[in-house]
Each structure stands twice: as structure tokens, then as C-alpha cells.
Amino acid sequence: MEITFYGHACFALKYGGKNILFDPFISGNPLASGINIDEIKADYVLLSHGHQDHVLDALTIAKKNDATIVSNFEITSWYGTKGYEKCQPLNQGGKWKFDFGTVKYVNAIHSSTLPDGSNGGNPGGFILSGDEKTVYFAGDTALFMDMQLIGRYNRPDLAFLPIGDCFTMGVEDAIIASDFIECNEIIGMHFDTFPYIAMSDKDGAVDAFKAKGKNLHLFEIGESKTF
Ligand code: NI
Ligand code: MN
């Protein structure tokens with residue numbers, strides 16, 4: 001599976017033969033100024049919650065690619081009010097089978113107001129499964145005990161976890177989360193974009209995961225890696 005990082009919490013996955021894009025926030029991210037959103041391919045745009053730093057470029061990219069937006073009911077309904085109907089709503093605990101695999105929308109502890117102040121429902125994360133590796137994209141979240149359910153019943157091979165602290169888990173809690181979800185391959189996200197989430201010691205973060213027998217993968221913006 002090829003994974004490309006577009007900054008902040010935005011990743012593209014080639015999964016089940018389709019292009020899956022998570023949480024596009026690119027045009028508002030000075031660190032991602034080298035990324036041209038017109039060149040991003042997406043069959044599906046998955047939005048973990050309604051915050052601007054996760055949805056900013058979703059409609060632009062979805063329209064350009066005729067992509068399906070996948071998110072909670074309130075967020076997909078909000079896109080409906082903007083005239084974009086190609087959406088798949090989910091809500092916590094629910095899953096949907098797509099042509100690339102199955103997506104389950106799971107809990108996150110965070111908030112989810114949309115950029116214009118509309119109700120963005122409850123924030124979530126996604127579990128992708130199918131012929132490819134099982135992937136957990138946590139979205140913005142705190143550490144919470146129910147992550148153990150994901151470890152017990154979904155056993156992700158690979159997980160995207162926020163590590164930037166302040167608005168989400170920091171490194172210490174992300175390490176505990178990786179235990180809860182029983183996953184040793186972690187891709188870090190949601191750091192450095194804003195001063196509040198600047199990470200001064202990335203090597204220390206990688207070492208802290210390594211000390212627990214886990215790999216923390218940190219991408220450069222624009223970088224692709226194969227898992
Ligand atoms: Ni957020
Ligand atoms: Mn965020």
C-alpha cells in the first residue's frame with residue numbers, strides 16, 4: 001500500500017485499487033505550499049471531523065475528481081446543502097462496504113464544529129479493512145479506553161495517530177494508544193502545522209516509540225512510502 005503525506009493530517013492511500021484521501025487541509029497550510037491540490041487524485045475523501053484543518057480542501061478536491069465524501073451524517077449533510085450530493089454518511093459504530101474495502105466510523109474524543117459554525121456531529125476515526133492491510137485513522141483524538149476494542153476486534157496493521165499534543169494526544173498518550181489498538185506501525189500526524197503543535201524533538205518521539213518495540217513513521221510533506 002502506497003501512502004503519501006500532504007501535510008498536517010492529510011494522507012493519500014492507494015487502497016484496494018482506489019485513491020483514498022484523508023482530511024485535506026493543504027491550501028491553508030503554509031508548510032504544504034509545495035503541494036498542488038489540482039494534481040491530487042481521489043476516488044474517496046474521508047473526513048474525520050468538521051474542523052477547518054481537516055475539511056478545507058475537501059469540496060474542491062471532491063468536485064475535481066468526482067469523488068465520494070465519506071464522513072458522519074452531519075458533515076455529509078452539510079456538503080449536501082452546498083450542492084454536493086456524492087457523499088456516504090456514517091455514524092459511530094457503523095460501517096459501509098465500498099468497492100475498495102469496508103470503512104467503519106469509530107469514536108474519537110475531540111470536537112467537530114464546521115468552519116461556518118454549523119454542527120459537525122461527533123468527531124470520529126476510520127478503520128479500513130479488506131484485501132489490504134487493516135488501517136486505523138484515528139482523526140483528532142485524546143487517548144480513550146475504548147481504543148482497546150479496536151485492538152481486540154480489528155487489530156490494525158497500521159495506524160495514523162495524532163502526536164502533536166495541545167489539541168490531541170501527545171507522544172506519551174499515542175504510545176499508550178498504540179498498545180490499546182495492538183499496533184506496532186504508527187504514522188504520526190497533526191504536528192508542526194501551527195505553533196501550538198510544534199514538535200521540537202521528533203527524534204525523541206521516534207526513540208520513545210522504539211523503546212516500546214514500535215515504529216513511529218514520520219513523513220516529509222509530499223513524501224510517499226510503501227507499507
Ligand atoms: Ni480538530
Ligand atoms: Mn485538527
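**Entry 1. Strands 9 and 10**

I began with strand 9 and strand 10 (residues 135–137), which pair in the antiparallel sense over 3 bridges. The model is a predicted one. I looked up a facing pair and found L128 opposite V135 in strand 10. The two strands form a hairpin with 5 residues between them. In its turn I noted G130, which has a positive phi of about 160°.

**Entry 2. Strand 9 and its partner strand 8**

I then turned to the pairing of strand 8 with strand 9: they run antiparallel and are joined by 6 bridges. Here I recorded L128 in strand 9 as the bridge partner of V103. I also checked burial along strand 9. Of its 6 residues, 5 are buried, so the strand is largely enclosed by the rest of the structure.

**Entry 3. The sheet that holds these strands**

I traced the order 7-8-9-10-11-12-13 in an open sheet of 7 strands, with mixed pairing. Strand 7 (95–97) and strand 13 (215–217) stand at its edges with a single partner strand each, so one side of each has no neighbour in the sheet. Direction ignored, I find neighbouring strands of this sheet turned by 20° against each other on average. At one end, strand 12 (residues 185–189) pairs with strand 13 in the parallel sense over 3 bridges. There I187 stands opposite H217 in strand 13.

N19 in strand 3 is the bridge partner of K14.

**Entry 4. Helix 2**

Which residues of helix 2 (residues 58–65) are buried? I find A58, L59, I61 and A62. Seen down the helix axis, the buried residues fall within an arc of 165°, so they line one face of helix 2. They pack against strand 3 (18–22), strand 4, helix 1, strand 5 (68–72) and helix 3 (73–81). On the face turned away from the buried side I recorded the exposed residues K63 and K64. Just after helix 2, D66 takes a positive phi of about 55°.

**Entry 5. The metal site**

I listed the protein donors of the nickel ion (ligand 1) as H49 (NE2), H51 (ND1), H110 (NE2) and D140 (OD), at 2.2 to 2.3 Å from the ion. The angles among these 4 donor atoms run from 88 to 176°, and the site is irregular. The manganese ion (ligand 2) is 3.0 Å from the nickel ion (ligand 1), and D140 coordinates both. In sequence, the donor residues of the nickel ion (ligand 1) are spaced H-x1-H-x58-H-x29-D. I placed H49 in the loop between strand 4 (44–46) and helix 1 (52–55), and H110 in the loop between strand 8 (102–107) and strand 9 (124–129), so the pair ties together parts that are 61 residues apart in sequence. Lastly I compared burial: H49 is buried, with a relative accessible area of 0%, whereas H110 is partly exposed at 24%.

Terms used
Residues are numbered from 1 along each chain as its sequence is written. Chains are lettered from A and ligands numbered from 1 in the order in which they are written. This is a predicted model: local features need pLDDT of at least 70, side-chain atom pairs count only at pLDDT 80 or more; totals for chains, interfaces and linings use all residues. Side-chain values use heavy atoms; hydrogens and water are left out. Donors are N, O and S atoms within 2.8 Å of the metal (3.2 Å for Na, K and Ca); water is not among the atoms, so sites may look incomplete. Four donors count as tetrahedral if all angles lie between 85 and 135 degrees; four count as square planar and six as octahedral if opposite donors are over 155 degrees apart and all others between 65 and 115; anything else is irregular. Helices (H or I, at least four residues) and strands (E, at least two) are DSSP runs, numbered from the N terminus. Buried means under 20% relative accessible area, exposed over 50%, partly exposed in between (1.4 Å probe, protein chains only). The arc is that of the directions from the helix axis to the C-beta atoms. Contact means heavy atoms within 4.5 Å. Two strands pair if DSSP finds at least two bridges between them. Axes are lines fitted to C-alpha atoms, for helices over the stretch in contact, and angles run from 0 to 180 degrees between N-to-C directions.
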